[in-house]
Amino acid sequence: MKLLIISDTHGCTSVIDGLIRAESPDVLFHLGDMQTDLKMSFLKKDIPVYSVPGNCDDPYRTDGAEICVDLAGHRIFALHGHTKNMRLDPQRGIYAALEKNADVLLYGHTHIPLWDNFSGLTVVNPGTARFRSVQKATYAVMTLVPGETPNGRILPVEPRHMFEER
């Protein structure tokens, strides 16, 4: 099963369809900032989408701010990161994922891409999918196979991902 993982689109809506088209994922995870960007996507209707709100969506919203999803024999704990103050210390999110018996933690918020492993927990922050002059736009692709460690990579968002044929 192939996952497309994006976060912190911050109004850059065209990148969502561009990445779906380029990667042909089975599932899309949007890790907040801005959930409303998903409403602009024409292609997401064809695949399951899991989304959590970020601090720019509604910083006081707690319902749905953290989700646990079982896919392809793996348990995925996803959150934006602001509810666990992960910008300062990702350990709170890691411990929360381990408490949920997750083997994958997905989070955003920091805009800093990360792919790591902590005590058998695959920890992924796709970075920000929004183009900015000072920051490289990135996203993650993950493959899930039952009984195997999740594998994948962080990739750059390229200009070709920004333009859509409608």
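How many bridges join strand β7 to strand β8, and in which direction do the two strands run? In this predicted model, local features need pLDDT of at least 70 and side-chain atom pairs count only at pLDDT 80 or more, whereas totals for chains, interfaces and linings use all residues. Residues are numbered from 1 along each chain as its sequence is written, and side-chain values use heavy atoms, with hydrogens and water left out.

Strand β7 (residues 114–118) and strand β8 (residues 121–125) run antiparallel and are joined by five bridges, where strands are DSSP runs of E of at least two residues, numbered from the N terminus, and two strands pair if DSSP finds at least two bridges between them. Trp-115 has Val-124 in β8 as its bridge partner, and in the hairpin, which has two residues between the strands, Ser-119 takes a positive phi near 50 degrees.

Both strands belong to an open sheet of five strands with mixed pairing, in the order β4-β5-β6-β8-β7. The edge strands, each pairing on one side only, are β4 (66–71) and β7. Within this sheet, strand β5 (residues 74–79) pairs in the parallel sense with strand β6 (residues 104–106) over three bridges, and the bridge partner of Phe-77 in β6 is Leu-105.

A search of the whole structure finds one aromatic pair, a pair being rings of Phe, Tyr or Trp (its six-membered ring) with centres within 6.5 Å, counted as stacked with planes under 30 degrees apart, as edge-to-face over 60 and as tilted for the rest. The rings of Phe-29 and Tyr-50 have centres 5.2 Å apart and planes at 25 degrees, so the pair is stacked.

Methods:
Helix = DSSP H or I, 4+ residues; strand = E, 2+ residues; numbered from the N terminus.
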